[in-house]
Amino acid sequence: MISFFRALPKHIKTAFLSIFRHLAMSLSAISAVTVTLVLFAVFLIIAGNVSLFANNIENDVSIHVVLKENIEKQKDIEQAEQEIKQINGVRRVKFSDKDAELELMIKERGEELEMYRGKENPLSNAFFVYVNNADNVEKVTEEIKKLDFVSDAVYGGSSVKQMVQIINMVRTGGSIGVLLLTLLALFLISNTIKMTIYARNTEISIMRNVGAANWYIKVPFMLEGMIIGLLGSILPCLFVYFGYPYLYEVMGGQLVTSMFSLKEAVPFVAQVCGDLTLFGMLVGLIGSFFSTGKYLRWKR
């Protein structure tokens, strides 16, 4: 370990020299990383905003709990609220008195219901119950219906189920997309670095003949891969740094409606740029490690 750290400055110098000495190959590798990371940047921006859309929609999924007519006293309402909060999966409970319920009904069904305002209001008090996970909304609704003070509980039925399924599909698709792009980046960088290694087989053979250990040969290539990943991330980071704030400003911070709000440029841009840089360096490191390891096994 001590010898590794002692040799590290030399390895870093060797990595930079190798990049300039084999400039054509290095530019090819950097280009491959750049193209991949631009695609990855676009995907991260889309995935980040889709995740925000999904969370906004999921947070708006609620169960409308209508209380029985006799639940009017403040003490009874507070006790009912506490019982609902104790149900597993409930995130938040919001009280809606019968006047607020009537206003919602007037907004949905028309002004002809305005005649019921005041003492003529036939509606009951209610709660809007928000769940931790939209997948559990049906189960929580059934639990709420069992409570003695509940007259009815509804959550939107099949339309909400379909929406939750779509949200889960989007999230699964995002995970698969990240995996595929990672594999693509590894493939491109591994092949490009493999070509670089083949071009320098004489140099590696000499190092092997003079007794250099495998790790001593690998380290400069791994550092070279990290540097190539770092250099390849510069253009994608600039693309995100200048492009996303412009897009955010042009679209007014939202896509069609406020429900589909875009992620604010700060700190989202910094997070994406950090991910791109880290991803580029990590993939460069892994690609170099496996390419060099395979070559050294073949040349034993």
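Student: Is Thr 34 buried or exposed in this structure?
Tutor: The model is a predicted one. Thr 34 lies in helix H2. Its relative accessibility is 14%, and the cut-off for burial is under 20%. Thr 34 therefore counts as buried.

Student: Which backbone oxygen does the side chain of Thr 34 reach?
Tutor: Leaving aside neighbours within four places in sequence, Thr 34 is in contact with Leu 235, Pro 236 and one further residue, Gly 232. The side chain of Thr 34 reaches a backbone oxygen at 3.2 Å. That oxygen belongs to Gly 232.

Student: At what angle do helix H2 and helix H9 pack?
Tutor: Two packed helices are described by the angle between their axes and the distance between the axes. Here H2 covers residues 23-60 and H9 covers residues 234-250, with their axes 8 Å apart. The crossing of H2 and H9 is right-handed. The angle is about 35°.

Student: How many residues of the contact of H2 with H9 are nonpolar?
Tutor: On the H2 side, the contact includes Thr 34, Leu 37, Val 38 and Asn 49. On the H9 side, Phe 239 and Tyr 244 are among the residues that take part. The contact holds two polar residues and no charged ones. The number of nonpolar residues is 10.

Student: How many disulfides does the count come to?
Tutor: A disulfide needs two cysteine sulfur atoms within 2.5 Å. The sulfur of Cys 237 has its closest cysteine sulfur in Cys 273, at 4.1 Å, which is too far for a bond. Cys 237 is buried at 14% relative accessibility, and Cys 273 is buried at 13%. The count of disulfides comes to zero.

Note on methods
Residues numbered from 1 in each chain as written. Predicted model: local features only at pLDDT ≥ 70, side-chain atom pairs only at ≥ 80, totals over all residues. Heavy atoms only, no water. Axes fitted to C-alpha atoms, helices over the stretch in contact; angles between N-to-C directions. Helix = DSSP H or I, 4+ residues; strand = E, 2+ residues; numbered from the N terminus. Left-handed = near helix turned anticlockwise from the far one by under 90°. Contact = heavy atoms within 4.5 Å. Nonpolar A, V, L, I, M, F, W, Y, C, P; charged D, E, K, R; others polar. Buried < 20%, exposed > 50% of the residue type's maximum accessible area, 1.4 Å probe, protein only. Polar contact = N/O pair within 3.5 Å; in protein donor to acceptor, adjacent residues only side chain to side chain.
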